[in-house]
Amino acid sequence: MVAFKATHIVRPAEPTPDEILYLNACDQIKDISHTPTIYFYKHSEALDAGDAILRLKYSLSKALVLFYPLAGRLNWAAEGGSRVELHCNGKGVPIFEAESESKVEDFGDFTPTPEIQALIPSVDYTTPIDEIPLVIVQLTRFSCGGVSIGLGVSHVMADGPSALHFVDEWAKISRGAEPIVPPFLDRRVLETDKPLSSTFDPSVLRPPPTLIGQEDNMEQRKKPITVAFLNLTKLQIEKLRNKANLDVDRETNSRGYSRFEAVAAHIWRCTSKARGHIAEQQTSLHFVADFRNKLKPSLPKTFFGNALIRVEATDKSGSLLSNSIGTASKKIREAVEKVTDDTVRAYLDFLKGLPDVGRFRSLDNNGRPKGDFYGNPNLAIISWTALPLYGADFGWGKEIHMGPGSMGFDGKTFIIPSHNGDGSFNIAIWLQEEHMGAFKKCFYDDI
């Protein structure tokens, strides 16, 4: 049970530009919602010695001078087409102060359950868009003396690397560390006048397949889901990689499959097996690729915004399961290798030309659920394996856990490197209740 004590609105500590900031095509297709993450901290003398809420408020006000767009609000753009504008108006960020009778250890392995979600601020997305903060924060004190910081960062404002950059600089300011690394805020850097050398294939943006025999996905959307938080040891990951790499063509000097490629292929195959698909069932694996270093020239290292492109690997379930894990890994690699400077520029140009971008969002313009469904027979994998997830020390020590909130849907999966640096992965996956038992069995038995 979480009891709310106070709400604090934190505004930038100094005057910041009052302007409408350009949002690029990648920003425009993002959900008008927040990415939920949670940080847990154990009891420490530093938490006893100082007032955590005062420290967070002061440091956040300083961080919002550097990251001033996050203190603004979105508005619907006059041009229509479900596009939005970013008004840098300094309205600020709410910090909700809460208490819980629970102890940190009560959350066990930190599986992203509704109990975890209660530690992250919730948002009513039917609220007018210009009243919804772009960052939301909740500090919860536990009876053991530990705390959690629940965080939501607007999808429109920041992808994973950018959101983590913000948290890192905020934490550095809070603990008095140097140097502070400001963000690169001009999103026009993605624009170019050079002529496109290729055209974008819009088939990658088509709605995912539906189950054979069902006209749409409405029946699947209604089924109850559950979450599992599963660990793959370093040894198990290497075993999967070795199996995948049996198929690597040595004659062409192909590089071996990565840990992500092998593990994602394994999860894809296990979900199709657990769901009991017929052989002809089309299934797609959706994920995103970071194109910061794919562009020529590369984006600035501190670019703040969205630099992700949607990527899709497809197969029939019968083929996926009858062929090897190496075959599935190859499909994933081929999808990633399509991401080049040319294809990204063509993708952005295609999005800019669309009359309406609303169909890519999972909420409509009034905050109601809609959009593509990545559940059965499909899968959506979010990989955090290359992100600097850990080390958010606000002055009372580093977190003992950082992970996603419980905003899952059937087929949504996170691959998260372990906190202790032992080379293992934690897999958070949401599936329909009727399929989870079979998935867990396959997940470990088929390594």
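Val10 has Val93 in strand β6 as its bridge partner. This pairing belongs to a predicted model, in which strand β1 (residues 2–10) runs antiparallel to β6 over eight bridges. Strand β6 also pairs with β7, and elsewhere helix α8 meets helix α12.

**Strand β6 and its neighbours**

- Strand β6 covers residues 93–100, and six of its eight residues are buried, so the strand is largely enclosed by the rest of the structure.
- With β1, strand β6 forms eight bridges in the antiparallel sense.
- With strand β7 (residues 135–142), β6 forms six bridges in the parallel sense.

**Helices α8 and α12**

- Two packed helices are described by the angle between their axes and the distance between the axes.
- Helix α8 spans residues 259–275 and helix α12 spans residues 433–445; their axes come within 8 Å and cross at roughly 135°.
- The crossing of α8 and α12 is right-handed.

**Residues in the helix contact**

- On the α8 side, the contact is made by His266, Ile267, Cys270, Thr271, Lys273, Ala274 and Arg275.
- On the α12 side, the partners are His435, Ala438, Phe439, Cys442 and Phe443.
- By class, the residues of the contact of α8 with α12 comprise seven nonpolar, three polar and two charged.

Methods
Residues are numbered from 1 along each chain as its sequence is written. This is a predicted model: local features need pLDDT of at least 70, side-chain atom pairs count only at pLDDT 80 or more; totals for chains, interfaces and linings use all residues. Side-chain values use heavy atoms; hydrogens and water are left out. Buried means under 20% relative accessible area, exposed over 50%, partly exposed in between (1.4 Å probe, protein chains only). Helices (H or I, at least four residues) and strands (E, at least two) are DSSP runs, numbered from the N terminus. Two strands pair if DSSP finds at least two bridges between them. Axes are lines fitted to C-alpha atoms, for helices over the stretch in contact, and angles run from 0 to 180 degrees between N-to-C directions. A crossing is left-handed if the near helix is turned anticlockwise from the far one by less than a right angle, and right-handed if clockwise. Contact means heavy atoms within 4.5 Å. Ala, Val, Leu, Ile, Met, Phe, Trp, Tyr, Cys and Pro count as nonpolar, Asp, Glu, Lys and Arg as charged, and the others, Gly among them, as polar.
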